[in-house]
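Dear colleague,

Please find the structure below, handed over for your records. My notes on the charged side chains follow it.

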Amino acid sequence: MKRKTTAILAVAAILVIGVAFAIAQRSMHKGFGGHGMRGRQRAMMMLRRLDLTSDQQAKVKEIFEANKGTVQPLREQLKANHEKLAALGGNFEEGQVTAIAKEQGELMSQMIVARQKVKAEIFAILTDEQKAKAQQLGQEMKQHFQDRMKGLRGDSQKSEE
């Protein structure tokens, strides 16, 4: 009787761990929460809401094209590292994981710098009104994200009456 219970609990634990791992892998591919927009999609949505002139739109396209050579290789390397981690399966080899994590950290650092460079170049072509609107839209998106995260965690606060 004890063996059956232990075996059932072990199988259940393995299934739970497997599902958690699968969800974590999926969320890494699709962003926070397993779905949602990527950075470029968010940026494009925001830019559309800024009512850019055709000249500004052309300059934004140039900026993205000029920086594609920097960003794309970083994206590919990040994906390759993700695949290296996935290839480990359930095996934990601390040395390998540490090396991949360090490389991933360096790549993320480079990606942040590249994204901030693009953002600064785009902000340089905006009017003061567009910059103000961009700041407002950024705050709205941040609030929306925080609200979604509260909902996902299940700790959304009810309004006091």
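Arginine 75 is found in helix α3, which spans residues 54-87; helices here are DSSP runs of H or I with at least four residues, numbered from the N terminus. The model is a predicted one, in which local features need pLDDT of at least 70 and side-chain atom pairs count only at pLDDT 80 or more, while totals for chains, interfaces and linings use all residues. Residues are numbered from 1 along each chain as its sequence is written, and side-chain values use heavy atoms, with hydrogens and water left out.

Arginine 75 counts as partly exposed because its relative accessibility is 41%; the term covers values between the limits for buried (under 20% relative accessible area) and exposed (over 50%), with a 1.4 Å probe and protein chains only. Together with Arg42, Lys68 and Arg115, Arg75 belongs to a patch of positive charge on the surface. Such patches are made of residues with over 30% relative accessible area and no salt bridge, like charges being joined within 9 Å and nonpolar side chains (Val, Leu, Ile, Met, Phe, Trp, Tyr) within 5 Å.

How many salt bridges does a search of the whole structure find? The search finds 5, a salt bridge being a side-chain nitrogen of Lys or Arg within 4 Å of a carboxyl oxygen of Asp or Glu. Three of them are described here.

One of them joins the side chains of lysine 133 and aspartate 51, at 3.8 Å from N to O. Lysine 133 lies in helix α5 (residues 128-153) and aspartate 51 in the loop between α2 (39-49) and α3, so this pair ties together parts that are 82 residues apart in sequence. Lysine 133 is partly exposed at 32% relative accessible area, whereas aspartate 51 is exposed at 57%.

Within helix α3, lysine 59 and aspartate 55 are 4 residues apart, about one turn of the helix. Their side chains meet in a salt bridge of 3.3 Å, N to O. Lysine 59 is partly exposed at 35% relative accessibility, as is aspartate 55 at 44%.

In helix α4, lysine 117 and glutamate 121 are likewise 4 residues apart, or about one helical turn. The closest N and O atoms of this salt bridge are 3.2 Å apart. Lysine 117 is partly exposed, with 44% relative accessible area, and glutamate 121 is partly exposed at 28%.

Finally, glutamate 106 is found in helix α4 (residues 94-124) and is partly exposed at 44% relative accessibility. Its C-alpha atom is separated by 9.9 Å from that of leucine 78, 28 residues apart along the chain.

With kind regards

How values were computed
Areas by Shrake-Rupley, 256 points an atom, 1.4 Å probe, with all protein chains shown as cover. Lys, Arg positive; Asp, Glu negative; His and termini not counted. Charge placed at Lys NZ, Arg CZ, Asp CG, Glu CD. Helix = DSSP H or I, 4+ residues; strand = E, 2+ residues; numbered from the N terminus.
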